[in-house]
Amino acid sequence: MGKVTLLRPKGYAIVVDPVKGVLEYDTGKCCHCGRIYPQSKHAGTTCIKCCADTCGHPDCDFCIPEEKRFDMQEKAARQKNKIII
Ligand SMILES: [Zn+2]
Ligand SMILES: [Zn+2]
């Protein structure tokens, strides 16, 4: 994988690949987990509450706002005594 030099929540990512050069992707951001996914591979659903797309992960089928989800991840990380981002 190349190095991601620019990543926008809703827009595009520019990846600098040593072999292929500069690659650009249209991206979308999951309104629930915040994951960035390539728009071309989007398999998620649209959340009616957020009026935004999800990444398609089963956990994201339910509406859990991103901030709440971060809190949950933080708690889980503390329990495991390591930080996962
Ligand atoms: Zn998601
Ligand atoms: Zn939602």
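## Report on a predicted model

C51 sits in the loop that links strand 5 (46-47) and strand 6 (52-53). The structure is a predicted model. C51 is not a glycine, yet its phi is positive, at about 55°. C51 counts as exposed because it has 8 C-beta neighbours inside 10 Å, and the cut-off for exposed is 12 or fewer.

**Overall layout**

The protein contains six strands and one helix. Their order along the sequence is β-β-β-β-β-β-α. The protein has 85 residues, of which 13% count as buried. Among contacts with a separation of 6 or more, 18% are between residues 24 or more positions apart.

**Confidence**

The mean pLDDT of the protein is 77, and 76% of the residues score at least 70. Strand 5 has the highest confidence, at 88, and strand 1 (residues 3-7) the lowest, at a mean of 58. Where pLDDT is low, the predicted coordinates should not be read in detail.

**Strands 3 and 4**

Strand 3 and strand 4 (residues 36-38) are antiparallel and are joined by three bridges. One of the paired positions is K29, whose bridge partner in strand 4 is I36. The hairpin formed by these strands has six residues between them, and G34 there takes a positive phi near 80°.

T27 is part of strand 3 (residues 21-29). From T27 to P38 is eleven residues along the chain, while their C-alpha atoms are separated by 4.5 Å. T27 counts as buried because 20 C-beta neighbours lie inside 10 Å, and a residue needs 20 or more to be called buried.

**The loop between strands 4 and 5**

G44 is found in the loop between strand 4 and strand 5. G44 is buried because 20 other C-beta atoms are within 10 Å. Beyond its neighbours within four places in sequence, G44 is in contact with C30, D53, T54, C55, G56 and C60. Between G44 and P58, 14 residues apart in sequence, the C-alpha to C-alpha distance is 9.1 Å.

| Residue | C-beta neighbours within 10 Å | Class |
|---|---|---|
| T27 | 20 C-beta neighbours | buried |
| C51 | 8 C-beta neighbours | exposed |

How values were computed
Residues are numbered from 1 along each chain as its sequence is written. Chains are lettered from A and ligands numbered from 1 in the order in which they are written. This is a predicted model: local features need pLDDT of at least 70, side-chain atom pairs count only at pLDDT 80 or more; totals for chains, interfaces and linings use all residues. Helices (H or I, at least four residues) and strands (E, at least two) are DSSP runs, numbered from the N terminus. Two residues are in contact if their C-beta atoms, placed from the backbone, lie within 7 Å. Two strands pair if DSSP finds at least two bridges between them. pLDDT is the predictor's confidence in each residue, from 0 to 100.
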